[in-house]
Amino acid sequence: MLFSQHRFFYFKTEVYFMRQRIKELQGLKSEAQVCICGFIKTVRNKGKNLKFMIIDDGSSQIQATCLRNLLGEKIDALDKISVNSVLKISGTLNRTDLSKSGTEVLVTDLEVLSSAHTGLPIDISEELESSLEKRLNWRHLDLRNPKKKLIFRIFSDFLKLSREYFYARHLTEISSSKLMAAASESGAQVFQVNYFERKAFLAQSPQFYKQMAIAGGFEGVFEIGPVFRAEPSFTSRHTTEFTSLDVEIAYVETVEEVMCFEEQWLAFTFSGLKELYSKQLEELYGIQINIPELPFPRISMTQAQGIVKSYGIECLENSDLSSDGEKALGRYVKEVFNSDFVFLTDFPWSVRPFYHMRSENKQITKSFDLIYCGTEITTGAQREHRYDILCSQASEKLPDLKGIEDYLNFFKYGCPPHGGFGLSPARVITCMLGLDNIREATLLPRDPKRLTP
RNA sequence: GGGGAUGUGGUGCAGUUGGUUAGCAUGCCGGUCUGUCACACCGGUGGCCGCGAGUUCGAGUCUCGUCGUCCCCGCCA
């Protein structure tokens, strides 16, 4: 009785419209009465009395077969209907070999919910692909391509699985402010905004605030939110705003614990995503997700420099790897360990921020990067939680400590040892799907030249 | 910030050593078809070859400038 009309679903006293998801029609019997909504992907007109349409509601696609016998004069409305218009269709589910998919809806009633103009500014078919620039200018149209939509489904489930994993390990999700009185880390490359009579800065990272939460006594925290970098970077893996996933865990006494946490979390999300999306990824991208084997290889900066040099790539001592160096290291671990991931460890103090904890050897920090398929996706570290040492480290790196007084105060009255990392989900997805630009995995990319749509 | 590419109908591309009317695919418009499924078939529309200057009898093609876009490096996630 509840579903007899397939129209309304009564829940307590509220009434919800009961559209059926096309994806879920697969589970219904032939002859079932159905009501679906969606975009018209194609119309195949076979004359005045028979027309076929492909309807896409975002969950899946199905053929809607329109026969004059069943639809009457309403079929004439389809003579002028344009592709991309939105329809509501009632009909009968029909399992038949006449349709390649084996399923169709025989339409008995239809309503045009939205009529689309013709002549789209970009091509959203699977056959032709418009340039990235044009597709981003018309992002809402671009997303109608199931292949593009899939990227953001995976993005969404990556975050969902991550939350699931973090909550199960007693991390608390926080939302820190993105407006700050002083720059959050280096002081450079931050966006300035007007804040009443003052200047404010957009956060480049929730770093300081997640450490504040640790000082506040949480066992661990994480945040998934936007960060802003005023870097004039013109590459396929940088944007000026991106969603950052940041984790900070208390009572961590070695940087190794942080790396273990991260690799186990990633293995969890990767196998979750494989379970959810392997079929669609195979169909639309012709790829499989590689579930990483644990532990990821760990390679110190010193070792890495030797490896990179053996690939004929220059690198200076006490400096970071160049992006060519990262790519070479990625190739190396693939060849030697058959791993897509590698932790690059023991970064020199000279290239790390003041709050990373130093090793016994003061030139080395207890920090790491995570490289995935030759691209840096994470920076992490054990943090310096001892107030006096932190202050002295800050003095070494910064001209004065005035700007970070609030931050230093976090550690003044006791703070557990802790560590954490930040990661770019968009970079993970870009590499996972083999996309050639991070903008593909960014819903509305912002870069030095793009501020719209 | 430094370097390198690129710009041709709505979209994606081709265009020879400079040569006359700039092609192809797709889209779009009109028509035919009761089982299509990348529907098919018939007909049609659509381009100041980014912009400006120069070389030349002649420029989509060569040169310079300019604007847009993309990529690489640096910075990072």
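## A tour of rings, charges and a buried serine

Start by selecting F158, Y165, F166, Y167, F222, F261, W265, F268 and F421: ring pairs link these residues into a cluster. Keep in mind as you look around that this is a predicted model. A search of the whole structure finds 24 aromatic pairs, and we will stop at two of them.

**First stop: Y167 and F222.** Y167 and F222 make an edge-to-face pair, with 5.6 Å from centre to centre and 90° between the planes. Now colour by secondary structure: Y167 belongs to helix α4 (residues 146-168) and F222 to strand β12 (residues 220-228), so the pair ties together parts that are 55 residues apart in sequence.

**Second stop: F410 and F411.** Select this pair next and look at the angle between the rings. The planes of F410 and F411 stand at 55° and the ring centres are 6.3 Å apart, so this pair is tilted. F410 is buried, with a relative accessible area of 18%; the cut-off for buried is under 20%. F411 is buried too, with a relative accessible area of 2%.

Show the side chains of K397 and W349. The charged end of K397 sits over the W349 ring, 4.5 Å from the ring's centre. Then move to K147 and Y285, where K147 lies over the face of Y285 at 4.8 Å from the ring centre.

Click on Y195 to find strand β10 (residues 192-195). Y195 counts as partly exposed, because its relative accessibility is 33%.

**Last stop: S424.** Where does S424 lie? Follow the chain to the loop between β18 (418-423) and α11 (425-433), and there you will find S424. S424 counts as buried, because its relative accessibility is 8%. Which residues does S424 touch, leaving aside its neighbours within four places in sequence? Display F242, T243, I377 and I438 around S424 to see these contacts.

Notes:
Residues are numbered from 1 along each chain as its sequence is written. Chains are lettered from A and ligands numbered from 1 in the order in which they are written. This is a predicted model: local features need pLDDT of at least 70, side-chain atom pairs count only at pLDDT 80 or more; totals for chains, interfaces and linings use all residues. Side-chain values use heavy atoms; hydrogens and water are left out. Helices (H or I, at least four residues) and strands (E, at least two) are DSSP runs, numbered from the N terminus. Buried means under 20% relative accessible area, exposed over 50%, partly exposed in between (1.4 Å probe, protein chains only). Rings of Phe, Tyr and Trp (its six-membered ring) pair if their centres lie within 6.5 Å; planes under 30 degrees apart count as stacked, over 60 as edge-to-face and the rest as tilted. A charge sits over a ring if NZ of Lys or CZ of Arg is within 6 Å of the ring centre and within 35 degrees of the ring normal. Contact means heavy atoms within 4.5 Å.
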